[in-house]
Amino acid sequence: MRLNQIKCGDNIEVLSKLDSEIVDVTITSPPYRNAIDYSMHAEHGNNPKKNYRGKLSITVADYIKDMSNIFSQVHRVTKEGGYCCIVIGNEINKGTLEPLPALLVSKLYEQGWYLHEEIIWHKVTGGANRAGSFVQHPYPSYFRANIMHEVILVLRKGKNRLRKLEYAFTNINQDVTWKEIVNSIWHIAPVPPGFLEHPCPYPEEIPYRLLNLYSNEGDVILDPFNGAGQTTKVAKYLKRRFYGIDIQKTYVDYATSRLAEAPHIRDESITLEFESVGGSIPRWKKIPTRKVTSKKDFR
Ligand SMILES: C[S@@+](CC[C@H](N)C(=O)[O-])C[C@H]1O[C@@H](n2cnc3c(N)ncnc32)[C@H](O)[C@@H]1O
């Protein structure tokens with residue numbers, strides 16, 4: 001396979017033609033089940049008059065079956081000891097939750113993937129607003145929580161592999177690493193709506209953190225649902241080799257054009273501040289993301 005490209009095609013067809021055991025790490029987010037019509041968005045972009053939301057109808061069972069077929073191919077192409085990181089959230093269906101991460105991980109566990117880690121991505125500033133009726137009617141059973149998180153499933157193929165002893169996060173303020181990234185809840189604001197020509201990119205901090213934690217320079221990184229190319233862009237910046245796949249040519253062209261851009265990692269991160277004396281409730285504090293002494297610039 002020719003690396004360092006973003007391929008247009010149906011991922012299961014493209015993956016089925018690849019050799020086995022060639023990928024070190026996959027970082028991806030599968031399509032939202034029924035929430036987004038990507039071909040509609042790819043044709044009309046962020047045009048608010050062309051509604052690309054919620055028109056498709058695939059059952060949860062069919063969705064999980066499709067996803068488990070794709071991640072079975074990802075398993076085949078992954079090297080022993082390699083990882084697959086999947087960003088996925090519960091879905092709201094007529095007020096009730098469809099537990100997509102739980103359903104998917106139990107299928108993938110049966111396929112032979114191990115659950116290496118589970119990280120909660122707390123979206124800090126954005127999410128699905130569901131608490132409105134409870135605000136108006138604050139009675140028992142009216143409550144529906146605003147959904148402020150997705151899950152990052154970190155799956156592993158086979159035994160954990162010893163990796164090269166190279167420092168991760170050479171460019172990051174150590175406080176961000178030790179007080180935020182090492183925890184199983186990450187606080188990262190989403191990409192603002194309309195910022196990119198894609199309806200649901202994850203923020204670049206996600207592949208930036210995962211690539212530092214699970215790969216080394218020169219490793220092969222896959223995103224089979226490449227979208228706006230957040231994974232492939234950051235992989236290139238971090239000197240990994242990459243292979244993206246998306247079914248929409250518009251997104252393939254867009255993601256390819258973005259490979260030349262510097263990554264867009266926010267200047268500030270948030271962390272909990274524990275006062276040494278007196279304070280019983282910790283406070284959130286904004287801290288610089290980059291090492292103060294670093295000459296490298298993210299932007
Ligand atoms: C949730 S988005 C991925 C966003 C991406 N992680 C990013 O940050 O930009 C899912 C993507 O999967 C693509 N897609 C859906 N079905 C596909 C398939 N069968 N093969 C390849 N790509 C597919 C869609 O076009 C969409 O861009």
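The legends below describe close-up views of a predicted model.

**View 1. Strand β3 and its two neighbours in the sheet.**
Strand β3 covers residues 78-88. Of its 11 residues, 8 are buried, so the strand is largely enclosed by the rest of the structure. Strand β2 (residues 23-28) runs parallel to β3 and is joined to it by 5 bridges. In this pairing T28 stands opposite I86. Strand β7 (residues 149-157) runs antiparallel to β3, with 6 bridges between them. Here C84 has L155 of β7 as its bridge partner.

**View 2. Helix α3 and its buried side.**
Helix α3 spans residues 60-77, 18 residues in total. From its first C-alpha to its last the helix reaches 26 Å, close to the 26 Å expected at 1.5 Å a residue. Which residues of α3 are buried? They are Y63, M67, F71, V74, H75 and V77. These residues are on the same side of α3, because they cover an arc of only 160 degrees around the axis. A61, D62 and K65 lie on the other side of the helix and are exposed. The buried residues pack against several elements: the helices α1 (11-16) and α4 (100-111), and the strands β2, β3, β6 (113-122) and β7.

**View 3. Strand β9, covered on both faces.**
Strand β9 consists of residues 220-223. V220 and L222 are buried on one side, and I221 and D223 are buried on the other. Strand β2 is joined to β9 by 2 bridges, and the two strands run parallel. V25 stands opposite I221 in β9. Strand β10 also pairs with β9, through 4 bridges and in a parallel arrangement. In that pair L222 stands opposite Y243 of β10.

**View 4. Helix α9 and the elements it packs against.**
Helix α9 is formed by residues 249-258, and Y251, V252, Y254 and A255 in it are buried. Down the helix axis these buried residues fall within an arc of 165 degrees, so they line one face of α9. K249 and S257, on the other side of α9, are exposed. The packing partners of the buried residues are β1, α2 (38-44), α8 and β10.

**View 5. H41 in helix α2.**
H41 belongs to helix α2. Is H41 buried or exposed? H41 has 22 other C-beta atoms within 10 Å and is therefore buried, the cut-off being 20 or more. The C-alpha atom of H41 is separated by 9.8 Å from that of Q248, although the two residues are 207 residues apart along the chain.

N4 sits in the segment before β1 (5-8). With 14 other C-beta atoms within 10 Å, N4 is partly exposed. A separation of 8.9 Å is found between the C-alpha atoms of N4 and R240, which are 236 residues apart along the chain. Beyond its neighbours within four places in sequence, N4 is in contact with R241 and F242.

**View 6. Two lysines with positive phi.**
Most residues other than glycine have a negative phi. K94 has a positive phi, near 50 degrees. K94 is placed in the loop between β4 (91-93) and β5 (96-98). K94 is exposed, because 5 other C-beta atoms lie within 10 Å, and the cut-off for exposure is 12 or fewer. K239 also has a positive phi, near 65 degrees. The loop that holds K239 runs between α8 (230-237) and β10 (241-246). K239 has 11 other C-beta atoms within 10 Å and is likewise exposed.

**View 7. The residues around the ligand.**
How many residues surround the ligand? The shell holds 19 residues, and the closest are P201, F225, G227, A228 and Q230. By residue class, the shell divides into 10 nonpolar, 7 polar and 2 charged residues.

Conventions: Residues are numbered from 1 along each chain as its sequence is written. This is a predicted model: local features need pLDDT of at least 70, side-chain atom pairs count only at pLDDT 80 or more; totals for chains, interfaces and linings use all residues. Two strands pair if DSSP finds at least two bridges between them. The expected span of a helix is 1.5 Å times one less than its number of residues. The arc is that of the directions from the helix axis to the C-beta atoms. Two residues are in contact if their C-beta atoms, placed from the backbone, lie within 7 Å. A residue is near a molecule or strand if its C-beta atom, placed from the backbone, lies within 6 Å of it. Ala, Val, Leu, Ile, Met, Phe, Trp, Tyr, Cys and Pro count as nonpolar, Asp, Glu, Lys and Arg as charged, and the others, Gly among them, as polar.
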